[in-house]
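Please read them with the coordinates open.

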Amino acid sequence: PYDVLSGGGLKIGDLFGIASVDALSGQPVTFVTRGVFAVDKVSANTFAVGAKVYWDDTAKLATSTASGNTLIGAAVDVAGAGSATV
């Protein structure tokens, strides 16, 4: 549904995964739906181990905000404010 780089988050309907290859909008893409990945996040958000992680499909970032976003997993490491990934 949009351009994505390998390693980037990708949401198609209610399905979320991490792109295995670069792909342009409308092109086939292979993505992984299980595993542990470093996902770009909203810089100001903080996550404790086990905290729910949501996907903001407008910003194309992981977030701690549940409202209007899709649950994609749980943090396996601490991610503080100012850090780039969770």
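1. Where is the place of I12? I12 is in strand β1, residues 9–12. Strands (E, at least two residues) and helices (H or I, at least four residues) are DSSP runs, numbered from the N terminus. At 37% relative accessibility I12 counts as partly exposed; buried means under 20% relative accessible area, exposed over 50%, and partly exposed in between, with a 1.4 Å probe and protein chains only. Leaving aside neighbours within four places in sequence, I12 is in contact with P1 and F31, where contact means heavy atoms within 4.5 Å. The C-alpha atoms of I12 and A75 are separated by 22 Å, and the two residues are 63 apart along the chain.

2. Basis of the values. This is a predicted model, in which local features need pLDDT of at least 70 and side-chain atom pairs count only at pLDDT 80 or more, while totals for chains, interfaces and linings use all residues. Residues are numbered from 1 along each chain as its sequence is written, and side-chain values use heavy atoms, with hydrogens and water left out.

3. Overall fold. The chain has 6 strands and 0 helices, in the sequence pattern β-β-β-β-β-β. Its radius of gyration is 12 Å, close to the 12 Å that the globule rule gives for 86 residues, so the chain is as compact as a globular protein of that length. The radius is taken over C-alpha atoms, and the rule is 2.2 Å times the number of residues to the power 0.38. Taken along the principal axes, the C-alpha atoms fill a box of roughly 35 × 25 × 20 Å.

4. Burial and surface. Of the 86 residues, 29% count as buried. The chain exposes about 5100 Å², and carbon and sulfur atoms supply 55% of that area; the areas come from the Shrake-Rupley method with a 1.4 Å probe, and for residues only the protein chains shown count as cover. Of the contacts with a separation of 6 or more, 33% are between residues 24 or more positions apart.

5. A19. This residue is in strand β2 and is buried, with a relative accessible area of 4%. Beyond four places in sequence, A19 touches V4, L5, S6, G7, G8, V29, T30 and F31. A19 and W55 are 36 residues apart in sequence and 14 Å apart in space, C-alpha to C-alpha.

6. T70 lies in strand β6 and counts as buried at 19% relative accessibility. Not counting residues up to four places away in sequence, T70 touches K11, V53, Y54 and W55. A75 is found in the segment after β6 and counts as buried at 5% relative accessibility. With neighbours within four places left aside, A75 is in contact with F47, A48, V49, G50, A51, V53 and V86.

7. Two loop residues. N45 is in the loop between β3 (31–32) and β4 (52–56) and is buried, with a relative accessible area of 13%. Beyond four places in sequence, N45 touches A62, T63, S64, A79, G80 and A81. K60 is in the loop between β4 and β5 (61–63) and is partly exposed, at 32%. Phi of K60 is near 60 degrees, a positive value in a residue other than glycine. Most residues other than glycine have a negative phi.

8. Largest pocket. Its volume is about 400 Å³. A pocket here is an open set of points on a 1 Å grid over the protein atoms alone, where a 1.4 Å probe fits, with protein on both sides within 12 Å along at least five of seven lines; lining residues have an atom within 4 Å of a point. Points are joined across faces, edges and corners, and the volume is the space filled by probe spheres set on them. The lining has 21 residues, of which G35, V36, F37, V39 and A74 lie nearest the centre. The elements giving two or more residues to this lining are β2 (15–19) and β6 (70–74). By class the lining has 14 nonpolar, 5 polar and 2 charged residues; Ala, Val, Leu, Ile, Met, Phe, Trp, Tyr, Cys and Pro count as nonpolar, Asp, Glu, Lys and Arg as charged, and the others, Gly among them, as polar.
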